[in-house]
Amino acid sequence: WKSHHWYRKRIGAVVAILAMDEPDDNVLINETFKDMLDDSDLMFEEDETDALTLTDLLGFLDEVHVPSALRKRTKAWGEKIKHHRQRIETRLKGAHEHLKNLKNGLKKRGKAMRKVIRDASNRTARRIITGDSNKRVREYIKEPPVAKLIDCVSFTLGVMLLVSAEFFALTAPRHFWKFYITTAWAMIFTRIALWWGGNFKYFLFDFCYFGNLVFTLVLLLAPTNTALLQVCFVWANGPIGLAMITWRNSLVFHSLEKVTSLYIHGAPPLAMMLIRWFVEDSPMCDEGGCVLSWYNWWILSISGYLFWQVLQLILTEIIGKAEIQTKGLQTSCRWIATHPKMTVHFLSLKISRYFGIMGKNEKYDHTTWKTKVIFVSFQAVYTMITLLPCKILFESFWANMIYLFVLYTYCVWNGARYYIHVFAERYTLQFRRVDSKSQSQSEPAETKEMVLKNGELKLPHYDKKPREHSATSSEKSPTSKHLNGTSSTSDAETTSDAQKKIQ
């Protein structure tokens, strides 16, 4: 309270100056401020505990007498400030809404413009490829002439790919991985172009594609990293290599889909085998020798697999869930759940029923979390089982050779079965249809009128009244009866021949 008098005096002086209507009395103002400056040293020399608080200052202001003119002027200024503030806020709000509407309008216009450009480019591409701007390319490639041409091209490329892979593997095993990356990603990009707008879009996020991506990044960015290369060897010869048996891959040269699936699963084991056994000073071996460590074999391999599994669940169950449900898109879980003949479906269902997870007559429902958890768990167990032989394959040359020989022989056998039992039957049936059409055009009218009913051949209806000349001839000579009998026999033979043709 030592500075109480100083604050009262100075506040009163300031208020008095502000209250002047025409402050021309410079002498009074100068003296007032001179006294304030003279006493300012006293204020700053005082102790900090003597400083005036906000409560004290408010109390002093209550004691100060403020003129009514100053109060009115201050109130008017406050009203003007409040009014201008409201106007500024209103204008800013209107400007914000206008900018928001302008932004939304630009988005809509941009979207519409992109759609127009995309439609125009699609029509141009359709006109170039199909000759008709309104015909879709997916429908065009299903037409018989185009489908046959694609099959011929696929067959040629498939055979050339096999021969080229053999050439690089035998002559340049150290650089085979470059050939693998080039050809594998050419096929993967082709599959992306064919599948992205269809029902199999989310198959592109399966573990085999993720594994090929990891192989490519490791071989390009870290070709000397022993730990990562050992993980690639384990993945290639474990879950990805054995997927050829799980998904029943087959070597069918004329089918681009089957060749691509086989190459995505079968090329990585071959590339890793060549790096492991046919490259001097293999980067898969470290200073301790060519031994697959337990850490790389299990910890790193399973950690990478779990990382992919989490990403796939986020993609299919959170990001793309609405699209999958509305459009009915296929996923690996949905595909296996709806195909009871698959080994994975049958085996997992049998195990689940044995442990009481699934009911005795309960079937898989791909829309429930129960089915999804079962498949995720079964796939994790399957992956760990496929990792078991990898240590022997990594440390034994002949074990690795026999393993790949069995896998590739299985795929070739499936391809042979397809060509003999499926493709040959369809091919023969196609020519049978052509022969039946030609026979129907060359057969006489009487044969065309024959109808097969209930397994019996019905001849066309003739008039019961015989011709006069045939009747008279049969009555006159006995040889005519013999001839008639011969003719009836020939009719029977004709009937049997026609029945054989129809059968």
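This is a predicted model: local features need pLDDT of at least 70, side-chain atom pairs count only at pLDDT 80 or more; totals for chains, interfaces and linings use all residues.
Let me start with the charged pairs. Side chains of opposite charge can pair when their charged atoms come close. How many salt bridges does the structure hold? There are 8.

Take E143 and K135. Their side chains meet in a salt bridge, at 3.1 Å from N to O. E143 is partly exposed, at 27% relative accessible area. K135 is also partly exposed, at 25%.

Next, E257 and R191. This salt bridge has an N to O distance of 3.2 Å. E257 sits in helix α10, residues 256–277, and R191 in helix α7, residues 176–195, so the pair ties together parts 66 residues apart in sequence. E257 is partly exposed, with 31% relative accessible area. R191 counts as buried, at 5%.

Now E317 and K372. Their closest N and O atoms are 2.7 Å apart, in a salt bridge. E317 belongs to helix α11 and K372 to helix α15, so this pair links parts 55 residues apart in sequence. Buried or exposed? Both E317 and K372 are buried.

Salt bridges link K201, E323 and K327.

K372 brings us to helix α15. This helix covers residues 369–387. Its 19 residues, at 1.5 Å a residue, should span 27 Å, and the end C-alpha atoms are 27 Å apart, so the two agree.

Which residues of α15 are buried? They are T371, K372, I374, F375, A380, T383, T386 and L387. What do they pack against? Their partners are α9 (226–246), α11 (294–319), α13 (332–337), α14 (343–354) and α16 (390–395).

Methods
Residues are numbered from 1 along each chain as its sequence is written. Side-chain values use heavy atoms; hydrogens and water are left out. Helices (H or I, at least four residues) and strands (E, at least two) are DSSP runs, numbered from the N terminus. The expected span of a helix is 1.5 Å times one less than its number of residues. Buried means under 20% relative accessible area, exposed over 50%, partly exposed in between (1.4 Å probe, protein chains only). Contact means heavy atoms within 4.5 Å. A salt bridge is a side-chain nitrogen of Lys or Arg within 4 Å of a carboxyl oxygen of Asp or Glu.
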